[in-house]
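Subject: Structure handover

Hello,

Here is the structure for your files.

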Amino acid sequence: MIWYENLYIGESIPKKKTKIRRLKWKISRNSCLSNVFLIVLCRYETNLMEIIPARELCQKAYPKRNLYVIGLAKGYEDALATAAEIVTDVYKKTGGFEVKRYIMQQKAGGGT
């Protein structure tokens, strides 16, 4: 699992670094957190992002290795709002909807 450096955080999650770090640690260690959702870059070319309940990651067979987490939210509604915020942010900065390309450029340090 890879965490985006400029992680988008939903309104329902406290913006304290220690809380976020602790939440990331729990998710990485397969703690079955209910009502926490990850927003990840889509592993398929057809979609922009996926919203995954953190509790799904507790399954041993779940493919976590290539997940690129770009957002965290508490509750599905908050996850939808956070995903919309990501798309809006990318559109404002690039004029397009290529979320994956934008995030990967940010990761590589080639910002727009």
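The notes below cover the cores, the strands and one leucine.

This is a predicted model, in which local features need pLDDT of at least 70 and side-chain atom pairs count only at pLDDT 80 or more, while totals for chains, interfaces and linings use all residues. Residues are numbered from 1 along each chain as its sequence is written, and side-chain values use heavy atoms, with hydrogens and water left out.

The largest nonpolar core has 18 residues. Such a core is a set of buried Ala, Val, Leu, Ile, Met, Phe, Trp, Tyr and Cys residues joined through side-chain atoms within 4.5 Å. Buried means under 20% relative accessible area, exposed over 50%, and partly exposed in between (1.4 Å probe, protein chains only). The members touching the most others are Trp 3, Leu 7, Leu 23, Ile 27, Leu 38 and Leu 72. At least two core residues come from each of β1 (2–9), α1 (17–28), β2 (36–41) and β4 (68–74); helices (H or I, at least four residues) and strands (E, at least two) are DSSP runs, numbered from the N terminus. Another core, of 14 residues, lies apart from it and includes Ile 70 and Tyr 102.

In β2, six of six residues are buried. β2 pairs antiparallel with β4 over five bridges (pairing requires at least two DSSP bridges between two strands), and Val 36 has Lys 74 as its bridge partner in β4. Five bridges also join β2 to β3 (residues 49–53), again antiparallel; there, Leu 38 is partnered with Ile 52.

Leu 80 sits in helix α2 (residues 76–94). Leu 80 counts as partly exposed because its relative accessibility is 37%.

Regards
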